[in-house]
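Please keep the viewer open as you read.

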Amino acid sequence: MEDGTFKSLGHCGDTGDDYDVLQWDTREDCEVRQILDRVADKWSLLVIALLDRRSLRFTELRRLIDGVSQRMLTRTLRHLERDGLVSRTVHPTVPPRVDYELTSLGVTLHSTIRELVVWTETHQNEIAAARTAYDARVLAEQRAAEAEAAERAEIARTALTGTR
């Protein structure tokens with residue numbers, strides 16, 4: 001293989017010691033960022049999680065996913081189908097019945113998502129504590145800045161009027 005060529009179209013190299021996350025979107029034919037954007041959005045994650053155990057109809061998915069619009073669910077399913085993560089089966093009935101299920105590739109992604117959910121559940125209290133500490137620190141900084149601004153305004157007012 002010629003130096004500087006990829007093993008296959010879309011091959012982004014390996015993730016060895018010289019792995020550089022900042023190169024994802026600069027390597028020619030590398031779609032890692034685009035794929036991550038697709039599979040890591042909230043609707044895709046929920047669809048993949050729900051399809052883990054069985055195939056579901058569109059209406060079942062829509063009922064189970066709180067807050068998703070019909071348009072967004074349709075787009076999400078089309079994207080997942082295009083990426084080979086979900087298969088769509090149309091049954092010749094009246095009205096037509098359409099089932100969605102994970103492909104074998106989608107199943108491998110689900111196991112990765114499951115690990116992310118487990119990590120989140122394990123660390124949710126630490127994250128909540130960090131958020132609380134951050135919010136308190138930001139609020140204290142805001143109040144200190146407001147107090148300093150009020151003090152400066154008072155000094156300026158006093159300087160302009162010559163009174164205390």
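**The chain as a whole**

What you see is a predicted model. The protein chain holds five helices and three strands, and from the N terminus on they follow the order α-α-β-α-α-β-β-α. Of its 164 residues, 20% count as buried. If you take contacts between residues at least 6 apart in sequence, 37% of them join residues at least 24 apart.

**Helix 2 and its buried face**

Let us turn to helix 2, which spans residues 42-50. At its start, a side-chain oxygen of D41 comes to within 2.9 Å of the backbone nitrogen of W43. W43 is also one of the buried residues of helix 2, together with S44, V47 and I48. Looking down the axis of helix 2, you will find these buried residues within an arc of 130°, so they line one face of the helix. What do the buried residues of helix 2 pack against? Their partners are helix 1 (32-39), helix 4, strand 3 (97-102) and helix 5 (104-161).

**Where helix 2 meets helix 4**

Two packed helices are described by the angle between their axes and by the distance between those axes. For helix 2 and helix 4 (residues 70-82), the angle is about 70° and the axes are 10 Å apart. An angle of 65 to 115 degrees counts as roughly perpendicular, and helix 2 and helix 4 are therefore roughly perpendicular to each other. On the helix 2 side, the contact involves W43, S44, V47 and I48; on the helix 4 side, the residues are M72, L73, T76, L77 and L80. The residues of this contact between helix 2 and helix 4 comprise seven nonpolar and two polar ones, with no charged residue.

**A closer look at T76**

T76 is a residue of helix 4. Is T76 buried or exposed? Its relative accessible area is 5%, and because buried means under 20%, T76 counts as buried. Leaving aside residues up to four places away in sequence, T76 touches W43, S44 and V47.

| Side-chain atom | Backbone atom | Distance |
|---|---|---|
| oxygen of D41 | nitrogen of W43 | within 2.9 Å |

Terms used
Residues numbered from 1 in each chain as written. Predicted model: local features only at pLDDT ≥ 70, side-chain atom pairs only at ≥ 80, totals over all residues. Heavy atoms only, no water. Axes fitted to C-alpha atoms, helices over the stretch in contact; angles between N-to-C directions. Helix = DSSP H or I, 4+ residues; strand = E, 2+ residues; numbered from the N terminus. Parallel < 35°, antiparallel > 145°, perpendicular 65-115°, else oblique. Contact = heavy atoms within 4.5 Å. Nonpolar A, V, L, I, M, F, W, Y, C, P; charged D, E, K, R; others polar. Buried < 20%, exposed > 50% of the residue type's maximum accessible area, 1.4 Å probe, protein only. Arc of directions from axis to C-beta. Polar contact = N/O pair within 3.5 Å; in protein donor to acceptor, adjacent residues only side chain to side chain.
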